[in-house]
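Open the model in your viewer and keep the selection tool at hand.

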Amino acid sequence: MTKWVYTFGDGKAEGRADMKNLLGGKGANLAEMSNLGLPVPPGFTITTEVCAYHTAHEGGYPDGLETQVRAALDEVGRLTGKSFGDRSNPLLVSVRSGARASMPGMMDTVLNLGLNDETVLAVAEASGDERFAYDSYRRFITMYSDVVLEVPHAEFEDALEDYKSRKGMELDTELTAQDWKTLIGTYKRIVEEALGRPFPQDPHDQLWGAIKAVFGSWMSARAIKYRELNEIPESWGTAVNVQAMVFGNMGDTSATGVAFTRNPSTGAHELYGEFLVNAQGEDVVAGIRTPQDITEAARKAAGSNRPSMEMEMPEAYRELVRISDLLERHYRDMQDMEFTVERGKLWMLQTRSGKRTASAALRIAAELAQDGLIDRDEAVMRIEPRSLDQLLHPTIDPGAPRQVIASGLPASPGAACGAIVFTSDEAEAAKKAGRKVMLVRVETSPEDIHGMHAAEGILTTRGGMTSHAAVVARGMGKPCVSGAGSIRVDQQARTLTASGRTLKEGDVITIDGSTGEVILGEVKMREPDLSGEFATLMEWAGEAARLKVRANAETPLDARTARGFGAAGIGLCRTEHMFFDAQRIVAVREMILAHDEAGRRAALAKLLPMQRADFAEIFDIMKGLPVTIRLLDPPLHEFLPQTDEDIAEVAQGLGVEPDALRRRAAELHEFNPMLGFRGVRLAVAYPEIAEMQARAIFEAAVEAGRKTGQPVTPEIMVPLVMGRPELDLVKARIDAVAAEVARESGVTVEYQVGTMIELPRAALRAGEIAQSAEFFSFGTNDLTQTALGISRDDAGSFLGTYTQKGLLPADPFVTIDREGVGELVKLAAERGRATRSDIKLGICGEHGGDPASVAFCEEVGLDYVSCSPYRVPIARLAAAQAAIKSRKGQGA
């Protein structure tokens, strides 16, 4: 019979850490901690295979599951000396989810399960604390009703707040056992009125209801959205963990908390976290009460007057320090731990690799490697390439004036500014409309996942450093300030009030997630300082990688940025971007309006010194590194004015009649310009354009070579060819210009001529084209459009539907379509190499900065990828990881 249930506890377990696929991350780590002899409340895990069965069979369960669950409950009862459902000595359990990938807050949890009107009496008698028993019972009713019975949590909160208001109470801790008894009666009436049936009293019915709810939460809207954002397959499913309850709400010698073995924001090697005395786990992560610091150093740094765990519970604290060190060394990674102290005894409820900021990840990986716990390759593999985005964008300029209106906790580093919105739906709508917004909430919940993703940053008035907002924001790389208690949010009026000032929806604020400051208006930012561990990991990545990473750059700033990020050259310099300068566009338009070749050459002569200066500066910056310059590519109509007002203004500046300009624009108009008069077709029709650009390149190479003392070897790229004849025609002109410049200057410039492979026909004819082309650069943006028959500008209306329905594995403009576009790239590479064994191969589309596409390029054996300057570090790390995987035989 298939084994569906795995038990753990009392220093042994049926599972192990390497069984995450079957037991989920939480179940596997609970088993591992049990095997390590750590204090783990006994329990059992129902496997992810049951989740898959449950989903496929419309809520059904496989044969034998119920029998195995009963046997596991009996074993937990034996270890605890209690019995599930027993009226006099009841075993109470928690029911939690646990997917193989960490999904904090995305799925459901139920605590204190097994309580009913009879067992609550036994718990009160056994604990000697009637208030604790009824507090636990009311928590169970609230949580179970919300998660399992789908009676909204707000109804119970409203009843509680109304009761406290009538009694003149502010804190939950002021309520007595009798108060909780009264409220429990109210809660049960709420359930019966909502459902038409009483709250379930049978513990076994409660358990199976909770199991069903946890499995069902795998397909909740918030879980689906989280999986979509984090590329977690639906097929993985979740496990269910059923575990004996330990109670942090049994008075002042009990507590609950969350701790990290290192600081998840900075990576500093220090125990970091929060705890609450006389509380249960959801109180910490929900941000309902402001938690206390674990260490005395953290308390002092925060300026808190509430005692730390180190001072208030010294024995439990020392045990936590011992266990945290043991777990980090065992797992060889920073751990995120949940714990409960029940009457002075520490119990470990969970450990997992902790989510961290990109800067923390770099520091932790570097330090673990330097300490010998992992090697350099593993350190490189530990960093998620996309997470480097967090480090590559501006932070607040320390010298900039700032009007601080409030302060909270620095929950997730970085800075952001945006217009205030108060709901996640508004944030998402604003993002789609192209507006930058700041999501302001009293506290976030898992339902806010889409708004948090859409917002520039998150600000909450409640919650601690391990609240939902803090954890999710850090995982997303979003700046977050939490627990800004001095801010008052009025959701109905759509306002926030801070420091006597009321701001409305749409007003702009800035948050600094590194200091916790909330600042009025937009504040000046500064470029990031990439040194220390970033430089170390990039050096290690460079040693590991085979693929070179170049940058798409056509301005001096782009070139300098790319060099600063370690680019191995420029893989795409788009010359047309240089033409839109106010002075140059006039000459370009004169060229377009010219009636003959002589007129065009006269206009191009004005552009020549400008282009030469551009190229010379870029060659100078790149100092001998390869620079690939693409000849003019876009259709000419893009350089002409479109509106009547603009046409009149431009015509006056050029000294021509508006009608003449309008007629020329009409002549150049195309129904499908992406497949029209552009690329090599311009050079075929107007060879003087290619000649001017080639002369500018060669003269600039001579100038830069003399200035730097280093020879420049430009790579001239002809775009959009469909076969060798076009390339030969243009290459002949380029070669002729090179010879002219050599005679005039006395300097022979070494250069290469190649082409962009952007059309399926070019990929098919790559062997023939390689007879003339010395390099191929795959323009995967256009190759994706032409291969799939999809316009990138119009695909937004249906691509999302295609990916959601599994018709495409990902947006093909983000991650390369391996089966179609990838096959064309592979075929062209093979045919090109068959003709010219030393042909240089790269890609220069947006895919060059996508880690999955970089991995594909490693598989195919390309020589380089090229991407935007700010994605160079991401591509360098992805290239290193792809090479490491390839060496280890894992496949990319």
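Select F698 first: F698 sits in helix α26 (helices are DSSP runs of H or I of at least four residues, strands are runs of E of at least two, both numbered from the N terminus). This is a predicted model, in which local features need pLDDT of at least 70, side-chain atom pairs count only at pLDDT 80 or more, and totals for chains, interfaces and linings use all residues. Residues are numbered from 1 along each chain as its sequence is written, and side-chain values use heavy atoms, with hydrogens and water left out.

Is F698 buried or exposed? F698 counts as buried because its relative accessibility is 1% (buried means under 20% relative accessible area, exposed over 50%, partly exposed in between, with a 1.4 Å probe and protein chains only). Now show what surrounds F698: leaving aside neighbours within four places in sequence, its contacts are I716, I734, V737, A738, V741, V749 and Y751 (contact means heavy atoms within 4.5 Å).

Next, select F619, F776 and L862, the residues with the most contacts inside the largest nonpolar core, which has 132 residues. Such a core is a set of buried Ala, Val, Leu, Ile, Met, Phe, Trp, Tyr and Cys residues joined through side-chain atoms within 4.5 Å. Helix α26, residues 687-708, gives the most to this core, with eleven residues. Apart from it lies another core, of 84 residues; V151, M169, F247 and A419 are among them.

Zoom out to the whole chain. Its secondary structure comes to 34 helices and 32 strands. The C-alpha trace spans about 100 × 65 × 50 Å along its principal axes. Of the 892 residues, 56% count as buried.

The last stops are two loops. Most residues other than glycine have a negative phi. Select E58, in the loop between α2 (48-56) and α3 (65-80). E58 is not a glycine, yet its phi is positive, about 50°. E58 counts as exposed because its relative accessibility is 79%.

Then go to E150, in the loop between α5 (130-147) and α6 (153-167). Phi of E150 is also positive, near 60°, in a residue other than glycine. With 67% relative accessibility, E150 counts as exposed.
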